Amino acid sequence: MLMPQRIVADHRLSVSVDDVWRMWMALYFEATQLTPFRTLRVIQEAILSDVLRYFDVRAAAILYVDLFFQLTTRVQLYPETLSVLTGLGSIPSAIVSNADHEHAAAWNFTLPVQFILISEAVKAYKPHPLMFLRAVEQLGVQPHEVLHVGDSDVDDVLGAKAAGLQVAWVNRDRRSRRSDVPTPDFEIADLTELPRLL
């Protein structure tokens, strides 16, 4: 929510942070599912320009695009991540991320997985089924043999279910699932609950 907060505060807008957030997210979701593929930097510059124009803000979108990348390239793993992934042992695993090369280049950690698949390499963003099917193909298994674990009801649950995978939704803050998202096979509070599902 920092981006919408900054836009509202910087320009003393009378609209709510939630209004800016909802518009930004709606445009973001739509833009990531369009063809041809565009990187997140290109997408964010286009949609943030639209958001600013809609709220009658005369400022360069690039300021907020740069802020977006400052925030999204500083990834901090949840405390249990490495121990849970390491504990999978010989179970094949991979990371599927709505990230571009710019994001991946900034990651300062190594994950004990077979591979990391990012959107810019696939030319698609979750929830597009191609992201999941490409990962399944690289794992050398069938979709129904995969348990996808993710924290977004739309990107992860909706996307993985549409591609024929089983899904464990990591719902850390116990939020409600959107009505258009199918029921996940499992719902867990954090990754420490994952081993019992395997």
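Is D10 buried, partly exposed or exposed? D10 is partly exposed, with a relative accessible area of 38%; here buried means under 20%, exposed over 50% and partly exposed in between, using a 1.4 Å probe and protein chains only. Before going on, please keep in mind that this is a predicted model, in which local features need pLDDT of at least 70 and side-chain atom pairs count only at pLDDT 80 or more, while totals for chains, interfaces and linings use all residues. Residues are numbered from 1 along each chain as its sequence is written, and side-chain values use heavy atoms, with hydrogens and water left out.

Let us stay with D10 for a moment. Its side chain meets that of R6 in a salt bridge, at 3.6 Å from N to O; the term stands for a side-chain nitrogen of Lys or Arg within 4 Å of a carboxyl oxygen of Asp or Glu. Both residues lie in helix α1, 4 residues apart, which is about one turn of the helix. Helices are DSSP runs of H or I with at least four residues, numbered from the N terminus. R6 is partly exposed too, at 36% relative accessible area.

Helix α1 (residues 2-10) also packs with α4, at an angle of about 145° and with the axes 10 Å apart. These axes are lines fitted to C-alpha atoms over the stretch in contact, and the angles run from 0 to 180 degrees between N-to-C directions. On the α1 side the contact is made by L2, M3, R6, I7 and D10, and on the α4 side by Y64, L67, F68 and L71, where contact means heavy atoms within 4.5 Å.

Now for the other charged pairs. Side chains of opposite charge can pair when their charged atoms come close. The count comes to 13 salt bridges. One of them joins R58 and D56, whose closest N and O atoms are 3.1 Å apart; R58 is exposed at 75% relative accessible area, and D56 is exposed at 55%. Another links the side chains of K126 and D156, at 2.9 Å from N to O. K126 sits in the loop between α7 (119-122) and α8 (129-139) and D156 in helix α9 (residues 153-162), so this pair ties together parts that are 30 residues apart in sequence. K126 counts as buried at 8% relative accessibility, and D156 counts as buried at 3%. Elsewhere, R41, D66 and E102 are linked in a network of salt bridges.

Definitions and conventions
Helix = DSSP H or I, 4+ residues; strand = E, 2+ residues; numbered from the N terminus.
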